[in-house]
Amino acid sequence: MDYRRDIPLVITFLIGVIAVMDYYTTFTSVKDVFTIIKNWGIVLEAFALGLGAVNLFRVHGRRISQRSTDWIFSALLLFMLVLFVVVGLGTGQYEAGTQYQWIYNSFFLPIGSTMYSSLAFYMAFGAYRVLRARNLDAFLLFVTAIFVILGNTPIFPATAPQFFYIREWIFTAIVGGTYRGIRIGVGIGAVVIGIRTLIGMETGYLGRR
Amino acid sequence: MAILTPDRIVPLVAFVLAWFATYYAIQLGKQGKIRIRRLPGLDAIEETVGRAVEMGRPIFDIIGMGSFTDIYATQTVAGLSILSYVATLCARLGAKLYAPQANPGVMPVAIELVRDAYTAEGKLEDLDVEEQLPFLSTEQFAWAGGIIGMAVRLKPAANIMIGPFWAESMMFAETFDRIGAMQVGGTARMYQIPFFAALCDYILIGEEMFAAGAYVSGDPQQIGSIASQDWYKLAALILGIIGAILATGNITIVGDLLVM
Amino acid sequence: MSVLEKLTAIPREIVIGLVVIAMIIPTLNPLGLPIMTGQMAKDWYNAVEELPAGSVVLFDIGYGSGGYPSLGPANIAVFHQFFDKELKVIIMATALEGSMMYPLIMDAVNPETRHGAVYGEDYVFLGYIAGVQTAMAGVLGDLPAIVSTDYLGTPIGQIEVLNGIRGAQDIDVVGYLTTAGGTSEGWVYQAYSAYGLPVLGGFLSMMTTSMKPYYDTGQLIGVIDGVKGAADMEYLTGYPGDAIQSSDVLSFSQTLVVIFIIVGNISYWGSRGARKEGE
Amino acid sequence: MVATDPQIWIAAFLTIAATSFVFRDNFAFKISQYTFIGVAAGHALVMGVKNIRDYGWTKLAGGEVIYAVVFLLGIMLYFRFSKEYYWLYRYPIAFLVGNGVGISIRAGIHSDFTLQVAATAAPLLASDAMGTFNNLVIFIGCITALTHFVFTYEGIHKGTLGYVPKVGRWMMLMAFGASFGNTVMTRFGMYQGRILFLLREWLQIV
């Protein structure tokens, strides 16, 4: 038995099977064990939250010491990281401290809420260049996209409520049906991959080394 | 029964059967008893490579920024299978391949696969790993920006992006469309499919990319698990159709059975 | 270059400029167009209206700064309704930034002065709990065995609203707002499938299509469909806010998008026709 | 009147910087991007420490000695960065994967498979014509989309039967159109939040 590889596979299998038994059986001993597993899972996930920071220190520390291109940005990155950690842990109040909320609202909140919403502009580029009825496939997508956009734009339903009802119908009938088919397929796919993982046939998470 | 949680008998049976089905299907796959149909998307890839050769312009293959350790690992694996296939075609037909990388863990595997493909075609001297498989960034927007820059500069004839994609999918699809590249897109991250559907010439929707990956790699495990999923889909089809017909005639046995 | 060809090549700077203008004008001069509420948001509203006072709600703040512009207004409206109905609200966060959203939302809701609700007696915030689905299963399975304090560090034994709450059996309804697919499906799995609890789900509009099958099968009894759902909730609960104001902006900016689409198609088909004639 | 609070100025600068990427990659965008990565990792670390204290340390300090094992496993996670002892990282990750997979697939087959199939096996006729029509569209959409994803039975995709998965593909493209339309709303609705911030809190003209 290779303790570097086989024991982790056994751990995965056992924990997974207990989780499944907790759901389908009524043994109180299983439920008690699984309550502990859940609690440990939360603590381990919390430990894992520091991995990103450690990795960033390794990568960007190297960049700074080698003075590679953009090293000044790496320095900024690590400074911001340390700032949050010092304010968060130093005050002993973690995220509930007023100083921490100040730096969060100054730095994290504006970038976090802008980064993805700025894709709105790409939607605009995409809309005028790309949403074109160039063939049957694109035409079908185009038709529902247009009607959903019209239904979602309050000025159109305000002039003619039909726009709103068409949008509601598209969601009720077309989306409701096809996405159910997709959901069944995706769901069973996840279950099969999960089973492959539990029985040790999907070992990517162990890493390649 | 006191041992089993009530109202969950059927899901439990379905679950246990899935366990056996997966195991059995993989055995069948190993014996070569399962065939996956060739998807039109794969023909489209061949077509794009041919077109690139004619035009004397390069080809892009983007596998996304997934890793081997996250839940999208299977999508990354499918993307790598396709990359290997594209590399073989490029080496054979003489198109220049670019496959920018975003994950340091996946990158060595990608390089190895591409190098193997070129070696098998006896064209290793045509491959320059440093130039053709550059590492851009692990950060989403830096990576997206890098690819957009390369695309505008190199004006590829085609772009093949199969793997896990996030918000950058829209940026890629829009950019490559602007420079006139033919595109084949595929991902199992369903939120991103609409952009590929709107912008690409061919798409591989969800599990189609796994099937395509399994088809080109011939890996019995992947083929087997696709077969076991097919059995469940067929079961869903049969139960759904019969159940709906019976229920319309006021016999709700199938629906009642499934919620037991 | 023909007019049609010029249309296909609108410079990005102009597109961006037009979009920004389309957002700023209605912000400065709101139109106050009527809102047509969707069935999904009505279902959420009615489900909460039907709960008797004192019912226990478990609510998850499953979004962070990325979802704040869309889901923040929805959250405010939802909490107003909870406190109006005098429900007991247990709040948790499965998103890392959830506990940073909590003070922003509570500043706007102001339950103490506007609704007379008291922290600890009527509502409590457990803070961020790592593990997403593990956290959900933990809280629903055996709350006192998993959680020992609220986010400020007060032991749960001293928190009145948590008295007698053992887990799913003492919770009447689960609600969540999230930007993450895993969280969204997670609550369906862990609350509906595992305990048969009614679940109210809110997420970004782009996720609505994927989550629709759960609504159709009753695994979600009400849905907030991103910023549109947020506007619906603000309208239904009678607490108008940023989402209703966003509706006016949507009217302008999306009309612009529709115009772009029309221009794009006319020029595409026009230039195709022109090319065919030339051949 | 323009805001005087430095917090608002920082936030306004970062909002504009983060948006500037839509023109092209630039210096200001890089500032916002690297700041973002740094603060996200820092915040994660802070929340991680707090959770370790609340869910692990309190139990260990309360006399539950068994929790020492979790701390050991948690520290083993960090051997991920070691060349020699990398394998130690596999023990805790195996625990997390087993728990994560088990907890989601046990209910997944219930929510996504049996309950969805049960909903499909429902009467097609409704009390009114519109309801019946909707039921038919939903039924056809679900069934045809499913057949599209059958890969090992080629017969389904050939001849007259081949129209079934084809219809599924068409229906799916229409559903993706709806998704596209809703995504447009998501992005514009979200960016509006930033415009409101800039006009209301920074420039104070609303």
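Trainee: Is C142(D) buried or exposed?

Mentor: The model is a predicted one. Residues under 20% relative accessible area count as buried. C142(D) has a relative accessible area of 1%, and therefore C142(D) is classed as buried.

Trainee: How far from C90(B) is the nearest cysteine sulfur?

Mentor: C90(B) is likewise buried, because its relative accessibility is 1%. Over all chains, the search of the whole structure finds 0 disulfides. C90(B) accordingly takes part in none, and the nearest cysteine sulfur, which belongs to C200(B), lies at 17 Å.

Trainee: What percentage of the area buried between chain D and chain B do carbon and sulfur atoms give?

Mentor: The contact draws 49 residues from chain B and 40 residues from chain D. Between these two chains about 4000 Å² is buried. The part given by carbon and sulfur atoms is 76%.

Trainee: Which side chains form the salt bridge between chain D and chain B?

Mentor: There are 9 residue pairs in polar contact between the two chains, both residues being at pLDDT 80 or more. The salt bridge count is 1. With an N to O distance of 3.2 Å, the side chains that meet in it are those of E154(D) and R35(B).

Trainee: Which element gives the largest share of the side of chain D that touches chain B?

Mentor: The residues on this side of chain D divide into 26 nonpolar, 10 polar and 4 charged. The elements giving two or more residues are α2 (27-61), α4 (90-120), α5 (129-148) and α6 (163-202) of chain D. The largest share, 10 residues, comes from α4(D).

Notes:
Residues are numbered from 1 along each chain as its sequence is written. Chains are lettered from A and ligands numbered from 1 in the order in which they are written. This is a predicted model: local features need pLDDT of at least 70, side-chain atom pairs count only at pLDDT 80 or more; totals for chains, interfaces and linings use all residues. Side-chain values use heavy atoms; hydrogens and water are left out. Contact means heavy atoms within 4.5 Å. Buried area is the accessible area (1.4 Å probe) that two parts lose on being put together, summed over both. A salt bridge is a side-chain nitrogen of Lys or Arg within 4 Å of a carboxyl oxygen of Asp or Glu. A polar contact is a pair of N or O atoms within 3.5 Å; within protein, one must be able to donate a hydrogen and the other to accept it, and residues adjacent in sequence count only if both atoms are side-chain atoms. Helices (H or I, at least four residues) and strands (E, at least two) are DSSP runs, numbered from the N terminus. Ala, Val, Leu, Ile, Met, Phe, Trp, Tyr, Cys and Pro count as nonpolar, Asp, Glu, Lys and Arg as charged, and the others, Gly among them, as polar. A disulfide is a pair of cysteine sulfur atoms within 2.5 Å. Buried means under 20% relative accessible area, exposed over 50%, partly exposed in between (1.4 Å probe, protein chains only).
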